[in-house]
Amino acid sequence: MNENHEELLAQAFGDYQPQDPTTGDLDLAERNSFRRVSTTIRAEDTTDGYEVEYRKLRLEQVVLVGVWTEGTVAEVEATMAELAALTETAGAEVVEAIYQKRDKPDPGTYIGRGKVQDLKEIVEATGADTVICDGELQPGQLSALERELNTKVIDRTMLILDIFAQHAKSKEGKAQVSLAQLEYLYTHTRGWGGNLSRQAGGRAGSNGGVGLRGPGETKIESDRRRIRTEMARLRKELRGMKTAREVKRSKRQSSTIPQIAIAGYTNAGKSSLINAMTGAGVLVEDALFATLDPTTRRAELADGRQVVFTDTVGFVRHLPTQLVEAFKSTLEEVLAADIMLHVVDGSDPFPIKQIEAVNKVIYDIVKETGEQAPPEIIVINKIDQADPLVLAEIRHVLDHENVVYVSAHTGEGIDELTSRIELFLNSRDSHVRLLVPFTRGDVVSRVHAEGTVRDEEYTNEGTLVDVRLPASIARELSEFVVEEVS
């Protein structure tokens, strides 16, 4: 039996595996092998609140809680569905989801006393060991809910930080996530009961008498001091990594190869798009925040031009400020690009909300760095799964000249997107005719590698090349220019 027959039989019985798995296939297999951990927080875990606070969150049976302050019912349900998707990405199972209509969250318990009692009954009935609130809660709100529910309570920010901690793979990505977690925990350091309120000092008779008097500091103060020390160490480490990244970036920019950044909402299909356009084989997963470490791939467009695609971390509504700050160096890749592909999930019920969330983050980075955002092409992805009414709304709201509709899964619209990129890059080029002596074959080779050759012919004086080149290269080769074409 030959190899082809063996592969067909294996595929028929569900045992077929690709002969040469891509990097993305290997990453996905490694991630899934650690995805589901059926471990709950037991009573012995709560003996030291400090240990529970800083241990990686272990979520399993989860109840979701939201507060509806504005928008329609469909919008709040879409927000709760996104929270459920985040929870599943973290490796947990949603057993119940509730939300409450309020003008603003309750300052004491987030959802109000009456709703807390209803939530307590749901937790007891379902056996849930974690409650996740759709918002960033104050330490007092978290403590009040934990005390009333007698179970672990986390907010949206803690959930996203946990997902980032699971998915970060590179040394820099792990350091960025650790810094973001510490920045969040510094302002939310607390314990269950009085675990972080013990004091080893103070005035006589105030805290236990003989042997326990003196200046001292509370345990929560010592914890915060250790957090500050660790944050300083991580910032220093990240500064060193930033220098190395800037060196690599300067080398890419000096090569004159166009830089194309792919940005957008999480799970919008950015990695799938870069695979469809380059065949890079990067990690693709139907999960939020599947990509945290930037992926850079070189590709060749249909006209022969070399370009570099950079896949960046996805955005999300209410992205924690700690993450924006920690990943700012990564997001700067977007500002350094020649053009940005803003990928939008066309199958989402509210894609315009996605665009607004991404634009807000980019605006904050531009405002802080003082740099200009690059020109963008809005790429509406997943049109094979999109609702025609939603696509009609997008066409009504967005500028048609700046929007391309594609499906990275089926390949529909990819050629149009590639052509749009080529047209944009050509608009920034100089159109010239060069007469290159036969002794300068290196110039002809460079022109083919870094420009778009429209015509080439051989004359008695040398090689006559009709080419579009980046303006900087055209200036370097000015001695060979015989005509500038308008």
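This is a predicted model: local features need pLDDT of at least 70, side-chain atom pairs count only at pLDDT 80 or more; totals for chains, interfaces and linings use all residues.
Asn-426 lies in helix H15, which covers residues 414-427. Asn-426 has a relative accessible area of 18%, and because the cut-off for buried is under 20%, Asn-426 counts as buried. Leaving aside residues up to four places away in sequence, Asn-426 touches Asp-303, Arg-305, Thr-452 and Arg-468.

H15 is made up of 14 residues. From its first C-alpha to its last, H15 reaches 20 Å, which is close to the 20 Å expected at 1.5 Å a residue. Asn-426 is one of the buried residues of H15; the others are Ile-414, Leu-417, Thr-418, Ile-421, Glu-422, Phe-424 and Leu-425.

Some of these residues also take part in a contact with another helix. Two packed helices are described by the angle between their axes and the distance between the axes. Helix H10 spans residues 270-278, and its axis comes within 11 Å of the axis of H15. The two axes cross at roughly 80 degrees. Angles of 65 to 115 degrees count as roughly perpendicular, and H10 and H15 are therefore described as roughly perpendicular to each other. On the H10 side, the residues that meet H15 are Leu-273, Ala-276 and Met-277. On the H15 side, Ile-414, Leu-417, Thr-418 and Ile-421 meet H10. Sorted by class, this contact has six nonpolar residues, one polar residue and no charged residues.

Another helix, H16, covers residues 441-450 and includes Glu-450. Glu-450 has a relative accessibility of 22% and counts as partly exposed, because the class of buried residues takes in values under 20%. Glu-450 and Val-307 are 143 residues apart in sequence, yet their C-alpha atoms are 9.3 Å apart in space.

The protein as a whole can now be set around these details. Its secondary structure comes to 17 helices and 14 strands. The protein has 486 residues, and 48% of them count as buried. Among contacts between residues at least 6 apart in sequence, 69% join residues at least 24 apart. The accessible surface of the protein comes to about 24,400 Å², and carbon and sulfur atoms account for 49% of this area.

Key. Residues are numbered from 1 along each chain as its sequence is written. Side-chain values use heavy atoms; hydrogens and water are left out. Helices (H or I, at least four residues) and strands (E, at least two) are DSSP runs, numbered from the N terminus. Buried means under 20% relative accessible area, exposed over 50%, partly exposed in between (1.4 Å probe, protein chains only). Contact means heavy atoms within 4.5 Å. Accessible areas come from the Shrake-Rupley method with a 1.4 Å probe; for residues, only the protein chains shown count as cover. The expected span of a helix is 1.5 Å times one less than its number of residues. Axes are lines fitted to C-alpha atoms, for helices over the stretch in contact, and angles run from 0 to 180 degrees between N-to-C directions. Angles under 35 degrees count as roughly parallel, over 145 as roughly antiparallel, 65 to 115 as roughly perpendicular and the rest as oblique. Ala, Val, Leu, Ile, Met, Phe, Trp, Tyr, Cys and Pro count as nonpolar, Asp, Glu, Lys and Arg as charged, and the others, Gly among them, as polar.
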